[in-house]
Amino acid sequence: MTAPRRRITGLLALLAAALLVATGCVAVPTSSSPQPVQGFNRSRPANLVPTPRRSDDPETLVRNFVKAMSDPASGHRAARKFLSSGAAERWDDQGPMTVVSDLRVVIDERSESAVRLRVIGERIGTLSAIGQLVPAQGELLVPLTLSRNNGVWRVDGSIPAGTFTDNGQFDASYRLAELYFPDRTATRLVGDPRWIFGSAVDPTEVVTRLLAGPAPDLTGAVDAAAGRDVELRGPVVVDGDRVTINLGGAVDPDPRKRTVLAAQLIWSLAGAGITGTYLISAGGSPLIAERADGWRTADVKAFDPEPDTGTSALHVVRGGLFRVGSGGASPVGGPLGTATDLVSAAISLDQQRVAAVADRDGRQILLQGPYGEEVGEVAAGATVSTPSFGALTDTGYAIIDDRPSMWTVGDGQPARVVALDTSAVEPVAPGPITSFKVSPDGVRVALVAGGRLLLAALATNDRGVPSLTGVRPVSYGRGPAVVAIAWSDVTTVYAVREADESPVLRVPVSGLPPTAMVSGNLKPPVRAVAATRSTVYAGDMRGVLELGTAPGSADQYWLPIEQAPAGAIPVTQTG
């Protein structure tokens, strides 16, 4: 992973407009790229939130009070400055912060010394105390009373418990940090996006939150490795190329677990732009003696949460499986290349294995095997969805006769198929599960239930059965049904809707709302989608089209891939 690999753009107006097209709601805007800072007292830049002024009229004071609530430091000390002394003492600021759009201040009654008004906005997100952003909906209405003393207005009286801020202030004052936790095998790291207040990401804040553990939606899906009972002693100090981290508490003595802990720390900080030589100690001694001179990202390359898997060649399904190159579409080796009855396919991240669905004699057959070689039957049913692989080549996923299932293969052994426990889906989105794709990290899942796009995580329940946990919608409200999904990387899902306008959506895992992609040159209905980190592919009525999505070089309209045959379905290694 190049650190920082992802850049979070600050295009507030564009994102809000895009979401209006996509869902009829205004978006939580994205933020600027995180930059490293120093300090243990987590001091806040003075200009991130306003302060009250003697000249403020009631509406200005209230709007600035809403902005000041974005700063959680010292019990929302910045926001309490806008309150009378009595109101500041009574106000309960605990709980998550609501993010709203379309903020309005309506004055109902006014005199020379008092004002009664309402603050109204549309809920679009909720930020938990740990910094996790999740979608929200509905109107927020907060009645407030202001009083004027010695010519100065202050919010007075009873103030509803909790905090809220507007989306513009959220964009200006929060930065995204990706915390990394090991999966249950402790061989890969899984991202846990958190939003942190500040003009830049504080490295001490990153490590503190990392050591506090994963977000609730990842419970049972990831582990804490050696960080379970570890604490940070003193600030994370950034001095030139040196990043010093002093740990205490019950650090597991197992060198392997300590290496995993180091990988968590290094990749979480590197992803936030805090790079260099990492000097990590535990109890006053180097975390691992052989690394007394420090760690670099190269020392934990095996845990890179977004490894470079090489060029992701586009493949297409059109009866058989074809690899698309500059000279045209060539059939892959083995029976899948010569087949005439394939309807979908998936390729593992390392392109060592392939899975495909064939339509034969009124039934659908799930096949898998080494790429370009012989394949064997995994399962059969009346319907089998487009498969996916996740992080491993010997494990795959598909919906077989309406039941999301996982298969595993061993050397020379028949595939073992297990139905997943999806009982957590029904309360969130009733209806059949029609699409199911596992992230390249092997833990997060994107799925469609009742036409709605959901995110979840793969865990194991108390009966030892693979299950879904942390199921949540990516947005609220009813819109066009989602018919196809694909991961581009571990942070982003693309979705296709039954819509003539903006049928393709980009969905970040970070909690930001979906955004509509440009639709120029697409001919709905769009029936399929695949993606890489830099390109998204769509299958419409004519064939396969591509849209560049790399920062700084995003395309303005979809371009046809002339080498792909008409009616083909795009396939990539990630999506």
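How many bridges join E34 to strand E35 (residues 559-560)? Two strands count as a pair here if DSSP finds at least two bridges between them, and E34 and E35 are joined by 2 bridges, running antiparallel. One of the contacts across that pair is Glu 546, whose bridge partner in E35 is Leu 559.

Before I go on, a word on what we're looking at. This is a predicted model, where local features need pLDDT of at least 70, side-chain atom pairs count only at pLDDT 80 or more, and totals for chains, interfaces and linings use all residues. Residues are numbered from 1 along each chain as its sequence is written, and side-chain values use heavy atoms, with hydrogens and water left out. When I say helix or strand, I mean DSSP runs numbered from the N terminus: helices are H or I with at least four residues, strands are E with at least two.

Okay, back to E34. On its other pairing, strand E33 (residues 535-539) lines up with E34 in the antiparallel sense, over 5 bridges. The two make a hairpin, with 4 residues between them. Buried means under 20% relative accessible area, exposed means over 50%, and partly exposed is in between, using a 1.4 Å probe and protein chains only.

Next, an open sheet. It has 4 strands in the order E28-E29-E30-E31, with antiparallel pairing. Strand E28 (482-489) and strand E31 (515-516) are at the edges with a single partner strand each, so one side of each has no neighbour in the sheet. E28 pairs with strand E29 (residues 492-497) over 6 bridges, in the antiparallel sense. There, Asp 489 stands opposite Thr 492 in E29.

Now for some side chains. Asp 421 is in the loop between strand E23 (416-419) and strand E24 (433-438). What does the side chain of Asp 421 make polar contacts with? One is the side chain of Ser 423, at 2.8 Å, and another is the side chain of Asn 461, at 3.1 Å. A polar contact is a pair of N or O atoms within 3.5 Å; within protein, one must be able to donate a hydrogen and the other to accept it, and residues adjacent in sequence count only if both atoms are side-chain atoms. Leaving out residues up to four places away in sequence, Asp 421 touches several others, including Arg 463, Val 465 and Leu 468, where contact means heavy atoms within 4.5 Å.

Last topic: salt bridges, meaning a side-chain nitrogen of Lys or Arg within 4 Å of a carboxyl oxygen of Asp or Glu. The whole structure has 20 of them. Take Asp 166 and Lys 67, whose side chains meet at 3.3 Å, N to O. This pair links distant parts of the chain, with Asp 166 in strand E6 (residues 163-166) and Lys 67 in helix H2 (residues 58-68), 99 residues apart. Asp 166 counts as buried at 10% relative accessibility, while Lys 67, at 25%, counts as partly exposed.

Glu 205 and Arg 209 form another one, at 3.1 Å, N to O. They are 4 residues apart in helix H6 (residues 203-212), so about one helical turn separates them. Glu 205 is buried, and so is Arg 209.
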